[in-house]
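Please look through the structure below. Some questions and answers about it follow.

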Amino acid sequence: MWPDRRLIDLFKTEFPIVQAPMAGVQDAEIMIGAAAGGALPSLPCAMISPEKAREQVNIVRQRIATPVNLNFFCHKAVEADAAREAGWKARLSSYYKELGLDPAAPVTAANRAPFDEAMCALVEELKPEVVSFHFGLPEPKLLKRVKAAGCIVMSSATIVREAIWLEENGADVIIAQGAEAGGHRGMFLTDNIAEQPGTFALVPQVADAVKVPVIAAGGIADGRGIAAAFALGAAGVQIGSAYLRCPESRVIAPARAALAQARDDSTVITNVMTGRPARGVANRVMREVGPISPDAPAFPHSATALGPLKTAAEKLGKVDFTNLWAGQAVRLGREMPASELTRALAGAALARLGQMAG
């Protein structure tokens, strides 16, 4: 038995496991697998249009009766700075030359849009059971509409102060994102990555500070990690990296190989890829230009100049300029269908919790 059933009761899922939204490397297929295994499936919406989000949710709902989580970014949009962009392109010029690309050719702007009126209208139309946010919460009038649509609201906290702020401003569930977590830091009241606590330190302090259920995220990729999260006061876990090598993920073959070879010390926090700190398996540009570079334009504009390099290198079977977002437990990932992986994770966690209780 799970020692805390609040999330199971709230989400109406079999297990207190959230399949983490992973922008760019997943679609409805992994959601369907995770949901069939008993988890809450998540769709990352920050890089797709409302039309694409609607299509993906419809695919899920046609295939399986499950609650769904739609995930959005709610950062403050920053206009591109032409001078910074030019300096960044100059910093990357040797790579353009190496790959035979024209640095003066027009490029598509990076698309990571904050939650807006159009996406809010989509939420009201689709009425997902859960809506999660990264980088805080949207403006109050939009959040009010999300809640009026009957959605449970979750958001990530990287420090206790953020967790308290989220509870005070309407979050129903808080995701305590430790420094080990893959992808972008959910930080919004701090920008100091050096001070971010790890999951083991963060979860119990957040659980003590708020009354709403807490989800542990970061470095959790097996039954032991899930059981540990519950021992620390979490009511559930969010798992991303463990799903990256499932057949349903959209991770390209060279990136799959890099993830399969990754070790405990293979990931770093970098701002080079998007302009905002995120954890991933180190690639060539992260090592040579960063991992943290003062030259990187503000989020998400750093990704714009990297776009042509990413495309060209991937055609050569290289991931020198590809986001390989993953957490420190990436080595624990397995190549198995998402439904089987979810059940294996839950089963191992329940066995471990039973041993601890005994």
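Q: Where does P291 lie?
A: The model is predicted, so local features are given at pLDDT of at least 70 and side-chain atom pairs at 80 or more, while totals for chains, interfaces and linings use all residues. Residues are numbered from 1 along each chain as its sequence is written, and side-chain values use heavy atoms, without hydrogens and water. Helices (H or I, at least four residues) and strands (E, at least two) are DSSP runs numbered from the N terminus. On that numbering, P291 lies in the loop between helix 12 (284-289) and helix 13 (302-315).

Q: What is omega near for the peptide bond from F299 to P300?
A: P300 has its place in the loop between helix 12 and helix 13. The peptide bond from G290 to P291 is cis, with omega near 10 degrees. The bond from F299 to P300 is cis, and its omega is near -5 degrees.

Q: Is F135 buried or exposed?
A: F135 lies in the loop between strand 4 and helix 7, and has a positive phi of about 75 degrees although it is not a glycine. Most residues other than glycine have a negative phi. Buried means under 20% relative accessible area, exposed over 50% and partly exposed in between, with a 1.4 Å probe and protein chains only. At 5% relative accessibility, F135 therefore counts as buried.

Q: What does K127 count as at 47% relative accessibility?
A: K127 is in the loop between helix 6 (117-126) and strand 4 (130-134). K127 is not a glycine, yet has a positive phi of about 45 degrees. Its relative accessibility of 47% makes K127 partly exposed.

Q: How many disulfides does a search of the whole structure find?
A: A disulfide is a covalent bond between the sulfur atoms of two cysteines; here, a pair of cysteine sulfur atoms within 2.5 Å is taken as one. The sulfur of C120 is 8.9 Å from the closest cysteine sulfur, in C151, which is too far for a bond. The search of the whole structure finds a disulfide count of zero.

Q: Which residues are closest to the centre of the second largest pocket?
A: A pocket is an open set of points, on a 1 Å grid over the protein atoms alone, with protein on both sides within 12 Å along at least five of seven lines, and lining residues have an atom within 4 Å of a point. Helix 7 (residues 140-148) gives the largest share of the lining of the second largest pocket, three residues. Of the 18 residues that line this pocket, the closest to its centre are C74, K76, L137, P138 and E139.

Q: What is the relative accessible area of I215?
A: I215 lies in strand 8 (residues 214-217). Contact means heavy atoms within 4.5 Å; leaving aside neighbours within four places in sequence, the contacts of I215 include L7, F11, V18 and M154. I215 is buried, with a relative accessible area of 0%.

Q: How far is K141 from A216, C-alpha to C-alpha?
A: K141 is found in helix 7, and counts as exposed at 56% relative accessibility. K141 and A216 are 75 residues apart along the chain. Their C-alpha atoms are separated by 28 Å.

Q: What share of the 358 residues of the protein count as buried?
A: The protein has 14 helices and 11 strands. Along its principal axes the C-alpha trace spans about 60 × 45 × 40 Å. Of the 358 residues, the share that count as buried is 56%.

Terms used
On a 1 Å grid over the protein atoms alone, a cavity is a set of points where a 1.4 Å probe fits but cannot get out, and a pocket is an open set with protein on both sides within 12 Å along at least five of seven lines; lining residues have an atom within 4 Å of a point.
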